[in-house]
Amino acid sequence: MKKFDFIIDYSFLNNYDINTLKENLIIPLKKEGIYFDCLYCDKSNLEFLKDTSIIRKKLILKEDILFFLSDIETRKKLFSLSLNSISKENSKSDSIKDFLIILLKSAIESRSSDIHIESLEKTTNIRFRIDGNLKIFYTFHKSFLRVISSYIKMVSKLDITQNRLPLDGSFSMNFENKKIDFRVSTMPTIYGESIVIRVLNNTSMAKDIKNLGFSEYIYKKIKESLCLTSGLILVAGPTGSGKSTTLYSILNELNQENKKIITVEDPVEYKIKYIQQVEINEPLGIDFKTILRNILRQDPDIILIGEIRDKTSLDLALQASLTGHLVFASIHANDTLETITRLKDLEANEYLLCSSLKYIYSQRLVLKVCKECNKKGCSKCNYTGFYGRCTIAEILKVEKEIFSYILDNKNIENYLEKIDFKSMIKDGEDKVKENITTLDEVYKVINV
């Protein structure tokens, strides 16, 4: 059983003590006449149901049963509010408003980065993305999608009558005296709509570099690189590898009164005090090319380019770094060697590259073994055995000797071996020895 997406009759479930259900590893679903539907696992005590009528049972994982029962009060409340919001006899506005507030609070407390509200053939499912992985948290009746969709569009200032075209919007709410922004995307599907709410929680981005989970020697090299006053520093990795968090943490470290920092982003998701952030808006003619060509007139000390995506953005980054500016940028590449290959593919001027490129960080995010249960599964880690993520990385300081390898297309691996370069997979294996993560996790993210 891969997904927990059953509609529960909570009025029926209320007949049972939750602790008793946990002990016996049973979830009652509903009762129809002489039939009793329930969920069980291979360790359930089915004798607990011996006095019940004909049992129709469905096998799921033990961890899914414990996960469901661990937050049962929130589930009951949300399901009740969902029923009220689709009922003609109740005040829909208060119910759906309360529903969204509780849902968002649950997502924030769960450290969710995204909330996925999805219309399926028979149900409306809500999944949270936590530590990069999606998990079904709540399931509601199919008809609830229309109500929650309309309300989210209303608070996001979108057209509530439009459900056949993709829409993008945003809204903000205060939780515990803190304003949190949410970005909304809707997409029509064959069964209704898919709605994704991105939780733009600044505290999850503006971390101290020390808290990103880098190994000590990687951390020291990053700190060393931040002492530069000019040059280009690249952060490489695929989507979801933590590049943005690393870059924002670096800017946070460098954000001082005597430095002017300008960023060029598409879009700006996290606002940083005292930093001048520019958002790309191509329909208005505000594109990377235009901004980067004018950015030097703003007299910046440090420039962040959200992504090196083409020859134009690369050339401008190189030129800016050669004129006394420290430039940071992300680039899509799997590792350090592939980053150099990618730069060549973008037809970088090799002499400019050799003069300006100072460091390449390559990184991935791996799940950390939950310290509470040591991978056995508990309520803190949603019975996954993992809680939080840390970074595995490799870092290359681009020194003069490497230039000949870049210019003459020599086998750069010989150079890396000569300088005792420590690869990302070696960094990951070291973290496995320290019981920070698992070998499966390391191999999964590096695609070994």
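Contact means heavy atoms within 4.5 Å. The model examined here is predicted.

**Exercise 1.** Determine which residues of helix H3 are buried and what covers them.

*Solution.* Step 1: helix H3 spans residues 62–70. Step 2: its buried residues are Asp-64, Ile-65, Leu-66, Phe-67, Phe-68 and Leu-69. Step 3: the cover over these buried residues includes helices H1 (10–13), H2 (18–24) and H4 (72–86), together with strands S1 (26–32), S2 (35–40) and S6 (133–141).

**Exercise 2.** Classify Tyr-35 by its relative accessible area, and name the surface patch that contains Tyr-35.

*Solution.* Step 1: Tyr-35 is found in strand S2. Step 2: partly exposed lies between under 20% (buried) and over 50% (exposed). Step 3: Tyr-35 has a relative accessible area of 32%, so this residue is partly exposed. Step 4: Ile-34, Tyr-35 and Ile-54 make up a nonpolar surface patch, with about 270 Å² of accessible area together.

**Exercise 3.** Is Asp-427 buried or exposed, and which residues beyond four places in sequence does it contact?

*Solution.* Step 1: Asp-427 belongs to helix H15 (residues 424–433). Step 2: its relative accessibility is 0%, and therefore Asp-427 counts as buried. Step 3: beyond its neighbours within four places in sequence, Asp-427 contacts Ser-215, Tyr-217, Thr-391, Ile-392, Ala-393 and Lys-422.

**Exercise 4.** Describe the setting of Glu-253 in helix H8.

*Solution.* Step 1: helix H8 covers residues 243–254. Step 2: with a relative accessible area of 27%, Glu-253 is partly exposed. Step 3: leaving aside neighbours within four places in sequence, Glu-253 contacts Ile-209, Lys-223 and Leu-226. Step 4: Lys-223 is 30 residues from Glu-253 along the chain, and their C-alpha atoms are separated by 9.5 Å.

Technical notes
Residues are numbered from 1 along each chain as its sequence is written. This is a predicted model: local features need pLDDT of at least 70, side-chain atom pairs count only at pLDDT 80 or more; totals for chains, interfaces and linings use all residues. Side-chain values use heavy atoms; hydrogens and water are left out. Buried means under 20% relative accessible area, exposed over 50%, partly exposed in between (1.4 Å probe, protein chains only). Helices (H or I, at least four residues) and strands (E, at least two) are DSSP runs, numbered from the N terminus. Patches are made of residues with over 30% relative accessible area and no salt bridge: like charges are joined within 9 Å, nonpolar side chains (Val, Leu, Ile, Met, Phe, Trp, Tyr) within 5 Å. Accessible areas come from the Shrake-Rupley method with a 1.4 Å probe; for residues, only the protein chains shown count as cover. A salt bridge is a side-chain nitrogen of Lys or Arg within 4 Å of a carboxyl oxygen of Asp or Glu.
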